[in-house]
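Here is a short briefing to read alongside the coordinates.

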Amino acid sequence: MRDSGIDYEQVFQALPGSVALLRPDLVYADANEAFCQMSGRTREQLVGRYLFDVFPDNPNDDGATGMRNLERSLRRVAATGERDAMALQRYDVEYPDRPGQWDERYWSPVNAPILGPDGSVVLLLHRVEEVTELIRAKGGRDGDRARVLEAELYTRARELQEVNERLRQAHAREREVALTLQAAMLPMPESVGSGRAAVRYRPAVGTLNVCGDWYDLVELPRDRLAVAVGDVVGHGLHAAGVMGQLRSALSAAVRVADGPAAALDALGLYARSVEGAESTTAALAVIDHDRHTVTYSSAGHLPPALLHADATVEFLDDATDPPLGARLVHTPRPQAETAFEDGAALVLYTDGLVERRSEDIDTGLTRLADCLTRNASAGAERLADAVLAELIPRGGNSDDTAFVIIRL
């Protein structure tokens with residue numbers, strides 16, 4: 001963008017709309033000329049100051065809610081990374097040259113996130129359109145109509161805001177139930193692998209983007225361990241229910257099938273009978289400690305990462321096939337095998353760990369490989385902590401994330 005010759009600071013100042021930039025702690029980072037004129041404040045009176053120190057609620061209005069509503073919206077955007085268009089708000093503004101006197105004002109705000117390279121929210125874009133003149137009555141018959149219009153608009157806006165708040169509370173309750181269900185269905189690895197296994201699950205920061213991911217560990221005869229991860233398309237309680245059915249089915253299939261490919265074949269056939277299971281991705285690996293081999297197969301999932309004893313990383317991508325239920329005609333899935341030495345580690349993960357908006361997937365895979373190489377000597381738990389710290393953005397991710405690390 002710098003090579004384009006466009007001065008974006010000048011563009012920002014010249015925007016005809018009123019726009020301010022806020023840090024996630026709601027301190028002004030900048031404001032354009034239109035915002036300053038509209039608010040009756042200079043840029044120097046805004047930048048570096050807390051939003052609600054500059055624009056508090058009118059203390060003379062017992063029913064004032066503008067500050068509370070705006071704070072909820074901005075903090076929601078900062079937490080979720082999602083745009084929020086607010087309902088019409090009455091938010092009085094104190095006259096800058098007449099302390100204690102307030103001007104009745106009406107606004108239509110939109111708040112949007114600005115993301116950093118790691119996907120975290122670094123700034124909040126606060127755009128406001130003033131509609132005071134539309135609302136304000138000006139006497140006579142027109143004034144009567146304007147008062148009716150004001151009452152209608154303001155009442156509808158308040159009703160819309162209340163409905164939106166109830167929806168958000170309902171979504172939050174659904175998210176809590178879904179996460180509880182998720183925690184109940186996902187196993188902990190204490191009894192598997194004699195401390196060699198570490199698992200992590202991190203829900204998305206959004207209220208709905210949870211509970212499609214799963215992992216599983218199954219001990220098999222002859223000192224073998226099956227490790228699986230999967231990702232159901234969709235979110236919320238329904239996705240959590242589908243996830244539970246598929247995870248249980250694969251856990252049963254891997255105990256009787258002749259290898260990972262056959263187990264995924266069986267899971268694919270079962271998925272056809274489960275509503276919402278189509279296009280689910282899954283990866284399954286069987287670790288044979290006696291033979292020092294990993295046998296694996298993938299149904300449209302990202303390749304497992306094998307951290308070798310010499311700290312190099314190999315992505316196991318020689319047995320990848322379409323997601324579950326993607327083919328109209330059943331075709332046996334591919335399977336591949338690779339060797340490992342003592343001291344290696346196997347990592348299976350879902351796309352939330354490596355995918356970022358506007359970024360090629362290879363960038364995320366390289367980031368994972370670099371992290372594994374730098375922490376090659378760490379135990380399973382310490383390695384899992386390092387992966388979380390380096391690959392999950394501060395403030396959370398926009399998609400849920402699950403991964404399993406097995407020290408070999």
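Predicted model: local features only at pLDDT ≥ 70, side-chain atom pairs only at ≥ 80, totals over all residues.

Residues are numbered from 1 along each chain as its sequence is written, and side-chain values use heavy atoms, with hydrogens and water left out.

**Overall make-up**

- The protein has eleven helices and 19 strands; helices (H or I, at least four residues) and strands (E, at least two) are DSSP runs, numbered from the N terminus.
- Of its 408 residues, 48% count as buried.
- Among contacts with a separation of 6 or more, 62% are between residues 24 or more positions apart; contact means heavy atoms within 4.5 Å.

**Salt bridges**

- The whole structure holds 17 salt bridges, each being a side-chain nitrogen of Lys or Arg within 4 Å of a carboxyl oxygen of Asp or Glu.
- Asp97 pairs with Arg98 through their side chains, at 3.9 Å from N to O.
- Arg98 counts as partly exposed, because its relative accessibility is 36%.
- Arg200 and Glu381 form a salt bridge with an N to O distance of 2.8 Å. Since Arg200 lies in strand β9 and Glu381 in helix α11, this pair ties together parts that are 181 residues apart in sequence.
- Arg200 counts as buried at 12% relative accessibility, whereas Glu381 counts as partly exposed at 40%.
- Asp61, Arg90, Asp92 and Glu104 are linked in a network of salt bridges.

**Asp321 and its surroundings**

- Asp321 sits in strand β16 (residues 320–321) and is buried, because its relative accessible area is 11%.
- Its side chain meets that of Arg333 in a salt bridge, with N to O at 3.5 Å. Arg333 lies in the loop between β16 and β17 (336–339), so the pair ties together parts that are twelve residues apart in sequence.
- Arg333 is buried too, with a relative accessible area of 12%.
- Besides Arg333, the contacts of Asp321 include Ser298, Ala299, Gly300, Arg327 and Pro334, leaving aside neighbours within four places in sequence.

**Helix α11**

- Helix α11 (residues 380–391) has twelve residues and should span 16 Å at 1.5 Å a residue; its end C-alpha atoms are 16 Å apart, so the two values agree. The expected span is 1.5 Å times one less than the number of residues.
- Buried residues in α11 are Ala380, Leu383, Ala384, Ala386, Val387, Leu388 and Leu391.
- The elements that cover these buried residues include β9 (197–202), β14 (305–307), β18 (345–349), α10 (361–374) and β19 (401–407).

**Nonpolar cores**

- The largest nonpolar core has 26 residues, and those with the most contacts inside it are Tyr349, Leu353 and Leu368. A nonpolar core is a set of buried Ala, Val, Leu, Ile, Met, Phe, Trp, Tyr and Cys residues joined through side-chain atoms within 4.5 Å.
- Two or more residues of this core come from each of β14, β18, α10, α11 and β19, and α11 gives the largest share, with seven residues.
- Leu353 touches Leu368, Val387, Leu391, Ile392, Thr401 and Phe403, not counting residues up to four places away in sequence.
- Apart from this core lies another one of 25 residues, among them Val227, Tyr296, Leu348 and Val404.

**Gln245 in helix α8**

- Gln245 belongs to helix α8 (residues 236–256) and is partly exposed, because its relative accessible area is 37%.
- Leaving aside neighbours within four places in sequence, Gln245 is in contact with Tyr270 and Val274.
- The C-alpha atoms of Gln245 and Ala271 are separated by 9.0 Å, and these residues are 26 residues apart along the chain.

Key: Buried < 20%, exposed > 50% of the residue type's maximum accessible area, 1.4 Å probe, protein only.
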